[in-house]
Amino acid sequence: RHQPRVFSGIQPSGGLTLGNYLGAIKRFVQMQDSGIETLYCMVDLHAITVWQDPAKLRHATREICAAYIACGLDPERSILFNQSQVAEHAQLAWIFNCVARMGWLNRMTQFKDKAGKNRENASVGLFAYPNLMAADILIYHATHVPVGEDQKQHLELTRDIAAKFNNDFGVDFFPITEPVIEGTATRVMSLRDGSAKMSKSDPSDMSRINLTDDADTIAKKIRKARTDPEALPSEVAGLAERPEARNLVNICAALSDRTADEVLAEYGGRQFSEFKPMLADLAVDRLSPISSRMEELMRDTTEIDRILGAGADRARQIAAPILKQTYDIVGM
Ligand code: ADP
Ligand code: NA
């Protein structure tokens, strides 16, 4: 019943990482190129669930837009915009605050991770964040959402909210959205800790590769990445108890568009002292064209703001009638 439509977003809460690129943006580009209608957002309202320096927030928002374009998103073929410029996201989120149950949100593991021990001092926004995410998606009746594995639970909540709304009001209005979590890099791990995901908000810069890192920095981070002293196995099964080794193999596979087994067919039996320099060269080779294009685009922030303004106008044309219908269903 619902025409295929793709939505996803990234928080401007810092510079982009290799995890964001391999787990999200690469897939965004593939979906755009497959000809489906695609909307990609800078989710600044999500970023401020923890305090952000205003100047840095503005910079990071433009920089993600530059990264989107540098990675192959085309502002004509994809709608690129800033969440806060389309008020319908926040308006639908309020409705969903009234649909979602406290118990559902209490189960969200990302809130527990991000709030840490000091839950009482977390913002209300951080707790209610998944309702806003559901609104981001459902305000466009999006049918598919490409994301990394860390967002799986939030996507399930989005489906629960859509189903409860439809059921509460006896309508078949919101689609039950499908997460698209595919490939070898759906969960890129920290270079310092094989049990934590690589994140732009990790305090240690050595834990991640940033899209803006220069070649020397990328090489140094990969050289210093935590590993174990064993040689590489010849099959993926041999990586089961070796999270750091598995992570580097997966990164290599994703960067070279191969499977992890194909990578191991080539490097099985070799030491990390050989594998790491090869991986560093590969990463530099893939990322340096992106970072130089980003730098070029960031020299003209007026043009970026123009792209974001035009994108928001197009997004609003889809969102406004869906919000109007929602209000109508609710009796407002
Ligand atoms: P971050 O955690 O880096 O702040 P976001 O929450 O803004 O990233 O997520 C943006 C997108 O990038 C989401 O689709 C998320 O699932 C994906 N993503 C984030 N970190 C990783 C990772 N380490 N590996 C794979 N995908 C990731
Ligand atoms: Na995240």
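Two strands are taken to pair if DSSP finds at least two bridges between them. Helices (H or I, at least four residues) and strands (E, at least two) are DSSP runs, numbered from the N terminus. The structure is a predicted model, in which local features need pLDDT of at least 70 and side-chain atom pairs count only at pLDDT 80 or more, whereas totals for chains, interfaces and linings use all residues. Residues are numbered from 1 along each chain as its sequence is written, and chains are lettered from A and ligands numbered from 1 in the order in which they are written.

In β2, Tyr40 is the bridge partner of Ser8. Strand β1, residues 5-10, is joined to strand β2, residues 37-42, by six bridges, and the two run parallel. Within this pairing, Gly9 stands opposite Cys41 of β2. The path of the chain from β1 to β2 passes through α1, and this β-α-β crossover is right-handed; the term applies if, with the strands pointing away from the viewer, the path from the first strand over the helix to the second runs clockwise.

Burial was assigned from C-beta atoms placed from the backbone: a residue is buried if 20 or more other C-beta atoms lie within 10 Å of its own, exposed if 12 or fewer, and partly exposed in between. By this criterion β1 is mostly covered, with five of its six residues buried. Strand β2 is likewise mostly covered, and five of its six residues are buried.

The domain assignment, whose bounds come from an automatic or database source, gives domain 1 (5-180 + 300-330) and domain 2 (205-295). The centres of the two domains, taken over C-alpha atoms, are separated by 30 Å. Contact is defined by C-beta atoms, placed from the backbone, that lie within 7 Å of each other; twelve residues of domain 1 are in contact with ten residues of domain 2. On the side of domain 1 that touches domain 2, the elements that give two or more residues are α1 (18-33) and α3 (54-70). By class, this side of domain 1 has eight nonpolar, three polar and one charged residues. In this classification Ala, Val, Leu, Ile, Met, Phe, Trp, Tyr, Cys and Pro count as nonpolar, Asp, Glu, Lys and Arg as charged, and the others, Gly among them, as polar.

A residue is counted as near the ligand if its C-beta atom, placed from the backbone, lies within 6 Å of it. Of the 21 residues around ligand 1, those that come nearest are Gln11, Gly19, Gly23, Val147 and Gly148. The shell comprises six nonpolar, eleven polar and four charged residues.

Several individual positions were examined further. Ile307 lies in helix α13, residues 301-330, and is classed as buried because it has 20 C-beta neighbours inside 10 Å. Apart from residues up to four places away in sequence, Ile307 touches Cys65, Pro75 and Leu80. The C-alpha atoms of Ile307 and Arg1, 306 residues apart along the chain, are separated by 31 Å. Met102, by contrast, is found in helix α5 (residues 102-106) and counts as exposed, because it has 7 C-beta neighbours inside 10 Å. The C-alpha atoms of Met102 and Phe127, 25 residues apart along the chain, are separated by 9.5 Å.

Met189 is placed in the loop between β5 (178-180) and α9 (215-224). With 24 C-beta neighbours inside 10 Å, Met189 is therefore buried. When neighbours within four places in sequence are left aside, Met189 is in contact with Gly194, Ala196, Lys197, Met198, Pro243 and Asn247. Met189 and Leu248 are 59 residues apart in sequence and 8.7 Å apart in space, C-alpha to C-alpha.

Most residues other than glycine have a negative phi. His141, which is not a glycine, has a positive phi of about 50°. His141 is found in the loop between α7 (124-138) and β4 (144-146) and is buried, with 20 C-beta neighbours inside 10 Å. Asp257 is also not a glycine and has a positive phi of about 50°. Asp257 lies in the loop between α10 (243-255) and α11 (260-267) and is exposed, because 11 other C-beta atoms lie within 10 Å.

Technical notes: Contact = placed C-beta atoms within 7 Å.
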